[in-house]
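Trainee: I'm new to this one. Could you walk me through how to read it?

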Amino acid sequence: MQPSNTRQTVNIPGPRSRDPLAVRILLIGLTFLFFAGFIFMPLALVFSQALQKGIQLYLDSIVEPYALEAVKLTLLTAAIVVPLNAVFGLTAAWAISKFSFKGKTLLVSLLDLPFAVSPVIAGLIFVLLVGSRTPFGSWLGEHGIKIIFSTPGIVIATLFVTFPFVARELIPLMEAQGREEEEAAITLGARGWQVFRIITLPNIRWGLMYGMILCTARSIGEFGAVSVVSGHIRGMTNTIPLHVEILYSEYNYTASFAVASILVFLALITIAIKGAVEKHVHNNQ
Amino acid sequence: MTLFKGKQRKILPGFGLSMGYTVFYLSAIVLVPLSTIVMSAFGMNPETFFAAISSPRVLASYKLSVSTALYAALFNAVAGFLTAWTLVRYRFPGRRILDALVDLPFALPTAVAGICFATLYSPIGWLGQFLSKLNFELINKPSGIVIALIFIGFPFVVRTVQPVIAELEPEIEESAQSLGATRWQTFRKILLPHLFPALLTGVTLAFARSIGEYGSVIFIAGNLPLKTEIAPLMIMTKLDQFDYNGASAVAFVLLLISFSMLLLLNGVQRWQQKAYQ
Amino acid sequence: MSIEIRNITKSYPGYTALDNISLNVGTGELIALLGPSGCGKTTLLRIIAGLETADSGSIILEKKDTTNLPAREKNVGFVFQHYALFRRLNVFDNVAFGLNVRPSSQRQSKSEIRDRVMHLLQLVQMDWAVKRYPSQLSGGQRQRIALARALAVNPKVLLLDEPFSALDAKVRLELRRWLRKLHEDIHVTSIFVTHDQEEALELADRIVVINKGKIEQVGSPQEVYDHPANAFVYNFLGNVNVFHGRIRNGKVVLGEHPIEALQGLNGHDEKAGQAFIRPHEIGISRIRSSESDLIGIIRDIRIMGSQIGLELESAGFDKPIEAEIPRDIWRNLELSRGEEVFVTLNKVKVFTGDYEI
C-alpha cells in the first residue's frame, strides 16, 4: 500500500473561483502548523538532542565500534536485498506488462501482500519457517547454518518487507509504455535478450532507479521485522534502527539520536532524489 | 491447412522464464513464509487457539490497534485533505519544500519516528511541557499512539488525493461560479463528491498501514498491558516467551484483519477508478 | 515475394475477428486492406507479421509455410500506426537496429551498415536528422524513419498498419503520394491497412474490402468504385445517397417517382430496393432535361473547396438528397437557398436485400 508518485503541479482556477483570502490564509496557516508539529519539530529534535552534548560526542557516537558494525550490517543487507528485489521486479514487470494471461490481476494483488503485513508478523513468519525450533531450521542448524538471530535472517526478513517496491514502480510504467517498441524490435529480427537490453531497459531506467532507491531506503530503515529475527546482539546482529532502539532503552538519548540522525539524513536524501527524478521524468514528457 | 495451438504461443519472448521465476520468487519469499502462520493456526488445538486470541490482554490489544488506527485515519482524512488542497491550489513561499516533506513519514525509519515522538511529547519534551500544563498527557496513553499513527498515515492520504485535485478542471468551478454558486456551495456540492473516492482510498490505505504499525508506536505507548499494548507488540511479547503458538494465533487474527483491509481497499480503488472514467 | 493467405480464422471470446479469409498477393503489388474499425484488417496484418497467431489457416510466403514461424524469422517489415520508434535511440540507431541485432555471423561490417542506413535516410529524405531523437521529430518525419527502419533489413514483404492515420490531413496527403512513389522505386510487396477509402483508392494496385471479418470484394480501385459488389462496398467506397423504394415495371419508385436504374430491374417487381446514388452523379439544372427529373428545393449550400455540396428536399423523399457539383457550374447557376431546381438522378444502382448503413 504505497501512495502514488506523480509530480504535483500547482493548479489554480480563475480569479472568480479562487478561495477567499481568509480561507486561504487559514488553510496555509493550518498546514504550516501541522507541519511544524509533525514534521519540523521531530526533525529539529533529532539534531538538537544529538548535538546536546557537543559535536565531538555526536561524531564519537557515530563512529563508535558497535555503531559502525550496525552501519556495516545495514549496508550489507541493503546491498544483498536491493539487487535481488530489483531483478525480481524487472522479471515480474516483464511477465505482467508484456503478456496477457489469466490470473494476472491475482498475481499483481499478491505482489502487494508484504505491504499489508505488519512488520512484526513479517519477522514472525521466518522464525516459524527456519527458526532453530522448526524441522527445517534445526536441519540447517546441524549443518552450521543459522538463519534466525543471524545475518541471513535479517536479510531474508528485509527481502520480504521490501519485496514489492521495484515491481510496483515498474509494472504501471511498463504497462503505460506498451508493447509496440518490443514488437517492432522482434519484427526487425531481435532476440529476447536484445529486446530487453536495448529497448526495454533504457525506457524504464528512471522508474527502476526510483524503485531501487525506495527499496534501499526501506531496507535500511526496517525495524519491526528485523527486531524479531535478529537477536539484538550488539556487534553481530544489530542494524542501525535496532542500535537506535538499544541506545534509547539504555537512556543513552544523545547517542541514540546521534545514530538516528544518520537515518534522518538518508531519509532527506531519499526525498531529494525522489524530487529530482520526478522532475526529470516530468520534464521528459 | 495447418492447425496449430496458435493461441498458446506468446509473441514476445521470455514469458516462460520470467513467469516461472516470478512465481518461484513470490512463493519462496512471500507465500510459503506467510503460509506458516496459517498452518500454525490450523495446526493448533482449537482450544489453544481461542484461548490465545481471546485473552483479555490480547483482545485489548486488537481493540487498541484498530481504534487508534481509526482515529488517526479520520484525523488524517481532514488534515491530509486540507494539506493536499493547500499544496495544489495555493502559491506561497516554501510550498515546494512542504510538498517534498510530505514524504518524510514514508521515508523515515519507524524507529526514528518513534523516539522522536516519545521525546517530543514526554513531560519534559518541547511539546510535552506545554501539554502537561494543560493536563494533557500523551505518553503511555492511547492518544500518544494516535499521534504517532497520524504521522505514519499522513502521506498516504495526501499523495492519494493530490493528483485528483491537481487534475480538476478549473472550468468546472468557474462555470458553477458563473451560475451563481458561492465558493462553499461549489466545494460542497461539486468538488467534494468528486474527490471523495480518492479520499476514501487514501484513508483506507492509512488505516490499513496503521493497524500493523510497530516501530513508531512502541516508544511513546509505554506498552502497558490492557492499556497501551498494540497487537504487534503482543506478538513480540509472546515470541520472547517462546510462546510460538500464541504468537501465531494473534498474528493470524491480525493478518485476517489486514487482508480484509486489502480486499476492502481493492474494492474502494476499483470504485475510484470507475468514478474517474 | 508473393503471399498466399489461406483460410485464416481468428476469434476472440464473443466475436469472430477473421472468418476464413483467403487472399493472394502477387510479388511487388501494393494492396490495401480497407474496412471500418473493428473489421479485422489490422488483425490480419498482424497475423501475417507474426505479431498475432491465427486459430487456423496458413500464411505462405513465396511457397514457404511461415505460419508457425516466430515474428523474428519472418523477414517481414512492419510499420506501426504510431510509429513505435525506439525513443531512447537516435534516428541512425533506429534505422540500423535490424542490421545491428543480427548474429555476428550474418552481421555486416560497421561501414556497410552505415552506408545502408545513410542510403535509406536519403531515400526517405531524412538524412539531415541522423543524430536526432524521435521526440524531436514531427509525426510525418517519424513515420518516414519508421519506414526506413523497416526497409533496412530488406524485407520481402512490407506491412503498414494505418500508417498515416495519426497525422494531419495535409501531411497525410503528402506522405500518401510519397509512399506511392517510393513503392514504384523499390517495388517491395506491400500490404497496408486503412479505413480511409480515398487513401486506398489513390495508393493501391488492388483493394481488399473487409467487413466484420469477411472479404466483401477484391479488385482494382476502379473496379471496386465503379462496380461495387454489394451495398456495403458501395457505401464504404465513397459518399452515397441511399433511398428506399419499391420496384415496379422495371424501375425503382422513390417517393412518387419511377427512376431508371443502372442495371435492369425486370423480374424484381414488388420487391423493396435500396437505391444508391453518388452525390456527384446528380445533375442540377434550372431547365428540365428529362421526364424523370425531380424538383428539389435547396435547403443548404456547403462550399467545400473545389466541389459544392447541396442539400435538397424533394417531395416524397423522407431524407434530403445530397448532391455535389463542380464549383464553376455552381457559379454559373447562381443558386441560393430556397430556390427550386431540377434534379437528375444518374447511375442509380439498386440493391435488393438486407442493407444496413
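Mentor: Helices (H or I, at least four residues) and strands (E, at least two) are DSSP runs, numbered from the N terminus. In chain C, strand β11 (residues 241-248) and strand β12 (residues 251-254) pair in the antiparallel sense, with three bridges. This is a predicted model, where local features need pLDDT of at least 70, side-chain atom pairs count only at pLDDT 80 or more, and totals for chains, interfaces and linings use all residues. Residues are numbered from 1 along each chain as its sequence is written, while chains are lettered from A and ligands numbered from 1 in the order in which they are written.

Trainee: What do β11(C) and β12(C) form, and which residue in the turn has a positive phi?

Mentor: They make a hairpin with two residues between the strands, and C:Asn249 in the turn has a positive phi of about 55°. Across this pair, C:Arg246 stands opposite C:Val253 of β12(C).

Trainee: Which strand do three bridges join to β12(C)?

Mentor: That's strand β13 (residues 257-259) of chain C, running antiparallel to β12(C). Here C:Val253 has C:Pro258 as its bridge partner in β13(C). β12(C) and β13(C) also form a hairpin with two residues between them, and C:Gly255 in the turn has a positive phi of about 65°.

Trainee: How much confidence does the predictor have in all this?

Mentor: pLDDT is the predictor's confidence in each residue, from 0 to 100. Where pLDDT is low, the predicted coordinates should not be read in detail. Chain C averages a pLDDT of 88, and 98% of its residues score at least 70. For the complex, the predictor gives an ipTM of 0.85 and a pTM of 0.84.

Trainee: How many helices and strands does chain B have?

Mentor: Chain B has 13 helices and zero strands. Its radius of gyration (taken over C-alpha atoms) is compared with the globule rule, 2.2 Å times the number of residues to the power 0.38. Chain B comes out at 24 Å, well over the 19 Å the rule gives for 277 residues, so it is more spread out than a compact globule. Along the principal axes, its C-alpha atoms fill a box of roughly 90 × 70 × 30 Å.

Trainee: And what counts as buried?

Mentor: A residue is buried if 20 or more other C-beta atoms lie within 10 Å of its own, exposed if 12 or fewer, and partly exposed in between, with C-beta atoms placed from the backbone. In chain B, 47% of the 277 residues are buried. Over in chain C, C:Gly38 is partly exposed, with 14 other C-beta atoms within 10 Å. You'll find C:Gly38 in the loop between β3 (30-34) and α1 (41-49) of chain C.

Trainee: Which residues touch the most other members of the largest nonpolar core?

Mentor: A nonpolar core is a set of buried Ala, Val, Leu, Ile, Met, Phe, Trp, Tyr and Cys residues joined through C-beta atoms within 7 Å. The largest one has 156 residues, and A:Leu124, B:Ile220 and B:Ile235 touch the most other members. Helix α8 (residues 142-166) of chain B gives the largest share of this core, 15 residues. Apart from it lies another core of 110 residues, including C:Ile8 and C:Leu89.

Trainee: How many residues do chains A and B bring to their contact?

Mentor: Two residues are in contact if their C-beta atoms, placed from the backbone, lie within 7 Å. Chain B brings 90 residues and chain A brings 82. On the chain B side, helix α1 (residues 15-43) supplies the largest share, 14 residues.

Note on methods: Two strands pair if DSSP finds at least two bridges between them.
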